Amino acid sequence: MSLLKSEWRKLVYVRAHWGLLIGAVVLAGFGTAVTPIILDSNSATFGLALDQQTAVDSVYANAISSYIFAIIIGIMLMSGEFRHGTAVATFLTAPKRGTVLANKLGIAAIGGALVMVISTAAGIAAGWVTLSFFENVAEPSSGVFVNTMLAAVVSGSILGIVGVAIGTLIRNQMLAITGSLIYLFVVDPILLTLVPDAGKWLPSGLITAMLALDIQAPELGIDTANYLPPLTATLVLLGYGVVFGVVAIATSLRRDID
Amino acid sequence: MNAAISFTNLVKTYGGQNAVDDLSASVNQGRITGFLGPNGAGKSTALRCLVGLAAPSSGSAQILGVPYRELENPLSKVGTVLDSRGFHPALTGRQNLRVVAAAASIPEVRVDEVLEMVELSEAANKKMKKYSLGMKQRLALAGAILGDPEILILDEPANGLDPAGIAWLRKFLRMLAEGGRTILVSSHQLAEMQHTVDDVLIINKGKLIAAGTKEQVMGPDSLEDAFLKLTGGSLS
C-alpha cells in the first residue's frame, strides 16, 4: 500500500497531469458537441441523419475520443522518472523494481481510467446538450451509454499501462509522447482504413469495437461491420495490457538507472 | 571492527572499458570514510553498484552483509545522496519528500523535522526548480536522513556549494557523525575532507590504490599531497 500511496502522490501532485485531464475533457466535449452539427449539415454525404438511432449512437460514441491522454499519463508517470532523475530516489526507496513497476502500472491504470471516465462523461453531456437543440432526434440505443462508459474504463486503464511500458522502453519523454501521437492519430487509422482485417486488432479498432456500434459510414472513417465482437475486443485489449505490463517490468529489471 | 560496507572484486564494464576494476575495500562501522579519486576514477559508478542502481559486471558490493536490494525498508538503514537530481522540479520540497516518505512508510511529521534540520522549512512549499544548487543539495540530504539511517552514502555532496554552503555541510556531517553513523563520502574537496574523515579510500582508473586511516594514508603530508602522489599528480 505504501508504494501505491507514493505513486498516487506522484500522479496528483504534478500539475501537468491535471492539465492532461482538462485537455481530455475539452477534446471529448468539443468533439462530441460538434458531431451532431457536422452530421446534420452533411447527412446526405454521410448517409446518416439525426433522426436515425445509429447517428445518435455515433455522436455519443465520439465521447471516448480522448484515449490518447490516458497513454500520455502513463508515459509521463514512467519517463518522467528518467527525465527528472526521480527514478534514483524511487529505486533507492524501493529497490525491488518489479514491485515498484507493479504499483506504478496500477496507478497508471487508475489514472488512465479516471481520465477516460471523466472526459467521456463530459463528452456525453456535451453531446446531449447539442442534440437538445435539434428537432426530430432519435433516441439513443439502450446500451450505448453503458457500453461507452465500460469502454472508457477498460481502454483508459489499459492505455495507462501501455503508456508506462512505452516510458520504460523510450526514456526520452518527448520522443515517447510524439511517437505515440503519430501512431494513434496517423498509423493506426490508416491501417484501420487500408487493411481492415489487420486494423481491427489494433487499439483504435478494438476500442471502437468495444462500443458495440453498428455503423457503416466509411465517409466518417467508421465501418463496424468487420470489427471484432465487443467481448473479444475487450479481451484482446486486456491482452495488450498484460503484454505491455510484462515488457515494462522486464525492461526495468535489467537496465541500470542513470 | 565490523564492516558496514564492503566491495568484493567489484567490476563494472561500460563499452568494453572497466569503469570499476576489481575493487575490494571495506568501510568500518561508526567511521567517516572519504572516497577519493580523480574525475572518472569510478567513484560514482562504484557507489551506484553499491546501492543497486547499476548491476555489477562481476564481484559484489554489500551493505550490512547483504546487497542493497535485499535490505528490508532500506531508507531506515541507508541514506543516499548521489547528485542534486532525484527530485521532481515541479513539486515543492515538502511534496518531493512526502512522495519518498509514503513509499518508505515514514510518518509525515518526519518530513517537516528533516526540512528543519537542513534549514529548508521556509522554502518547504517552494517548487524545487526555484531552489538554488545549495538548497537542492540540502533537500537531497534531507531525503537521505528521512528514514534516520545508520549509514550515509554521499557522492560529492559539496559539489557546487559556495564557502558558506561547504561550512554548513561540514557542520551537518559532524552532527550526523556524532550520532555514531557510518558515512561514506566522495569528494574533491581534499582540504575539507582532511578535516572531516577518519578513514580514506583512494581509487584511480577504477582500481583501489590506497586504503586505511587518514593518518596511515597521509603520512607526514597533507591529504592533498598524498592524493597527488598516489594518483600521479592529477586532480582531473
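How much area do chain A and chain B bury between them? The answer is about 2,500 Å², with 55% of it on carbon and sulfur atoms. Buried area here is the accessible area (1.4 Å probe) that two parts lose on being put together, summed over both. The structure is a predicted model, in which local features need pLDDT of at least 70 and side-chain atom pairs count only at pLDDT 80 or more, while totals for chains, interfaces and linings use all residues. Residues are numbered from 1 along each chain as its sequence is written, and side-chain values use heavy atoms, with hydrogens and water left out.

Contact (heavy atoms within 4.5 Å) links 26 residues of chain A with 32 residues of chain B. In chain A, Tyr13(A), Leu92(A) and Thr93(A) lose the most area to chain B, together 26% of what that side buries.

Arg9(A) forms a salt bridge with Glu108(B), with the closest N and O atoms 2.9 Å apart. Polar contacts (N or O atoms within 3.5 Å; within protein, one must be able to donate a hydrogen and the other to accept it, and residues adjacent in sequence count only if both atoms are side-chain atoms) join 13 residue pairs between chain A and chain B, both residues at pLDDT 80 or more. The chain A side that touches chain B divides into 11 nonpolar, 6 polar and 9 charged residues. Asp, Glu, Lys and Arg count as charged; Ala, Val, Leu, Ile, Met, Phe, Trp, Tyr, Cys and Pro as nonpolar; the others, Gly among them, as polar.

Definitions and conventions:
Chains lettered and ligands numbered in written order. Salt bridge = Lys/Arg side-chain N within 4 Å of Asp/Glu carboxyl O.
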